[in-house]
Amino acid sequence: FKEHLAIQIRMSPAELSEFRERKHVVILANHPDRQDPFIVAQLAKFANEDLNVIVAREVFDWDWGWRGWLLQSLGCYSVSRGRADFRSIASTAKIIKEGQHKLVVFPEGEITSDEEVVHEVQKAIFHIMLDVQKELSEKSIEDSVIVIPMAIKFSLETDLSSSVESVLKKIEGEMGIAGAEQSIDVFARINLIIQTYLQTVINAYDLQWSKKSNLEGLAELAAVEILQKIAAQYALSYDVAAPPCEQLYKIRNGLGERIESDSVALRQEFHCGGVPKPCLRSDLERVERLLILHRSLEQPKSEMQACRNLDFIESELFGKITPKGRQKAYVNFGASIEVSDYLELYKESKEGAIDKLTSLYKKRMQ
């Protein structure tokens with residue numbers, strides 16, 4: 001209601017019946033949007049079942065920790081990305097094995113802003129499912145662990161200009177961009193806002209401005225340079241050849257309790273939603289958002305992309321996100337995959353079975 005979001009779950013009565021009857025179920029969904037958690041809540045309501053969900057560990061600390069309390073009370077548990085989180089692995093295996101609740105996982109691990117292509121997926125969940133299947137088989141339990149692919153796609157149901165005009169004016173006023181609405185269209189106004197914001201970030205952190213880079217390149221460059229500043233200040237290694245997301249996880253994990261130390265920004269006037277003061281935690285939240293912005297800007301221009309980019313700017317400037325028109329999420333399910341079909345191969349070659357299962361999942365999703 002607050003988000004002005006309608007959700008259409010496309011599941012036939014036969015599919016719903018199978019969904020309810022099966023026990024050891026893992027629902028693997030794509031992760032295009034910040035609103036994906038609402039899909040999980042609606043699915044639980046639609047199927048009249050409690051679900052368990054894996055959530056990134058740092059989210060549990062947002063809003064002075066009350067969000068973590070709320071998420072745990074709703075059946076969520078955390079995973080520390082970028083390292084072997086043995087407690088989370090054990091919880092995941094236990095949930096799948098016991099089969100009391102179905103498990104929802106976003107294996108892409110990050111918001112992709114892409115509803116057309118399945119991005120690189122984390123293979124750990126496939127490894128855990130095959131391990132559980134092996135254990136069930138050894139106990140002569142005939143039930144198979146099943147994977148249900150869940151594809152999410154969003155659309156803006158109202159006119160883009162009327163949906164975002166009020167927030168555009170609010171942001172332009174905050175950033176000192178006057179009169180833009182009189183000369184350029186919505187997409188150009190958003191690009192000007194993003195360029196102005198990135199310039200502010202570059203100045204605040206004393207980063208290198210590259211006139212050769214486009215907006216998506218600048219967003220990634222800013223994220224990388226902030227990470228490198230943190231790594232240098234706290235004597236943490238930084239692998240320039242590794243993807244920035246992996247370095248983000250590595251640095252976050254490496255900081256430990258030092259994550260509450262002072263921000264590396266020279267100017268610390270930004271508020272980062274969910275973090276009460278500028279600190280390394282807020283720097284890393286900003287890096288994560290910049291990388292999401294980078295992925296969004298890489299996508300073809302669309303109305304949903306425009307809304308997501310404004311979501312990012314709003315969260316950075318004001319610490320909260322307002323609705324943008326009326327949006328709708330369409331949720332489709334692919335044919336289920338029996339993990340037991342890959343057990344014999346898994347006994348011969350773990351990597352081979354994981355690769356085949358991962359490949360089939362991505363094919364079904366696509």
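Predicted model: local features only at pLDDT ≥ 70, side-chain atom pairs only at ≥ 80, totals over all residues.
Two packed helices are described by the angle between their axes and the distance between the axes. Helix α7 covers residues 186-205 and helix α11 covers residues 303-318; the angle between them is about 30°, and their axes lie 11 Å apart. The crossing of α7 and α11 is left-handed.

These two helices belong to a protein chain with 13 helices and eight strands. The C-alpha trace of the chain spans about 70 × 50 × 40 Å along its principal axes. For 366 residues, a compact globule would have a radius of gyration near 21 Å, and the 22 Å found for the protein chain therefore agrees with that expectation. Of the 366 residues, 51% are buried. The accessible surface of the protein chain amounts to about 17,500 Å², with 50% of it belonging to carbon and sulfur atoms. Contacts in the chain can also be sorted by sequence separation: among those between residues at least 6 apart in sequence, 70% join residues at least 24 apart.

Ala-219 sits in helix α8, which runs over residues 215-233. The relative accessible area of Ala-219 is 0%, so this residue counts as buried, the cut-off being under 20%. Leaving aside residues up to four places away in sequence, Ala-219 touches Leu-198, Leu-290, Leu-293 and His-294. Between Ala-219 and Val-201 there are 18 residues of sequence separation and 9.6 Å in space, C-alpha to C-alpha.

Two loop residues can be read next. Ser-140 is found in the loop that links α5 (124-138) to β6 (146-156). Although Ser-140 is not a glycine, its phi is positive, at about 60°. With a relative accessible area of 64%, Ser-140 lies over the 50% cut-off and is therefore exposed.

Ala-235 belongs to the loop between α8 and α9 (244-255). Ala-235 has a positive phi of about 50° and is not a glycine. Its relative accessible area is 72%, so Ala-235 is exposed.

Technical notes:
Residues numbered from 1 in each chain as written. Heavy atoms only, no water. Axes fitted to C-alpha atoms, helices over the stretch in contact; angles between N-to-C directions. Helix = DSSP H or I, 4+ residues; strand = E, 2+ residues; numbered from the N terminus. Left-handed = near helix turned anticlockwise from the far one by under 90°. Rg over C-alpha atoms; globule rule 2.2 N^0.38 Å. Buried < 20%, exposed > 50% of the residue type's maximum accessible area, 1.4 Å probe, protein only. Contact = heavy atoms within 4.5 Å. Areas by Shrake-Rupley, 256 points an atom, 1.4 Å probe, with all protein chains shown as cover.
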